[in-house]
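Trainee: I would like to go through the terms used for this model and check each one against its cut-off.

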Amino acid sequence: RVAAEDALRQSEERMRLVANNVPALISYVDRDQRYRFSNRTYDAWFGIPHEQMIGRTVAEVFGDEAYARMRHDIERCIDGETVEFEFTTADGNRRRTMHISCVPHLGARTEHGSEVLGFYMLANDVTALKRAQEDLRFAAVQLQHDARRLEFLAHHDTLTGLPNRAMFADRAREAVAHARRHDKTAA
């Protein structure tokens, strides 16, 4: 029995070591939305020492305004549904976007189903990914604009904006081809 307890303690220590060194928020929250476990990343993100997390509510950790935005998703999880959502927080000029997954912790199965005892929450910082996506969207729009501008410059005089010789030759070829297809003449 002592050996089994020692093995269990060592296993728990290894799991805590892994959880505390992952750069993501990992936690367990009970039905009353109070933290029962959290890794040390909460200290880096929210400035709350690891030892002071136990017993705090989600609203206390994230703030009332932020909690109001995520409350519906958390309630869905407490109702037994696995939920994923993105959440953006603003801390002064610094914006952080998190991808949050909440997985319900189901109790023993009964004839009426399983009671949800709480949920596991995993949050990853996807701020850099969102910024890269925005940069790519901007670059794509800029590329389209540049392509339209190059197309215009290829067929128009840069000084006057009037059609140039290249556009005249292109339109003349089109007119001749159209006339031949429809057995007509062109001038």
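Mentor: The structure holds 11 salt bridges. The model is predicted, with local features requiring pLDDT of at least 70 and side-chain atom pairs pLDDT 80 or more, while totals for chains, interfaces and linings use all residues. Residues are numbered from 1 along each chain as its sequence is written, and side-chain values use heavy atoms, leaving out hydrogens and water.

Trainee: Why is the pair of arginine 76 and aspartate 73 called a salt bridge?

Mentor: A salt bridge needs a side-chain nitrogen of Lys or Arg within 4 Å of a carboxyl oxygen of Asp or Glu. Here the N to O distance is 2.9 Å, so the pair qualifies.

Trainee: What makes aspartate 73 buried or exposed?

Mentor: Buried means under 20% relative accessible area, exposed over 50%, and partly exposed in between (1.4 Å probe, protein chains only). Aspartate 73 is at 14%, so aspartate 73 counts as buried. Arginine 76, at 26%, is partly exposed.

Trainee: How do you know that glutamate 51 and arginine 40 form a salt bridge?

Mentor: Their side chains are 3.6 Å apart, N to O, which is within the 4 Å limit. Glutamate 51 is exposed at 59%, whereas arginine 40 is partly exposed at 43%.
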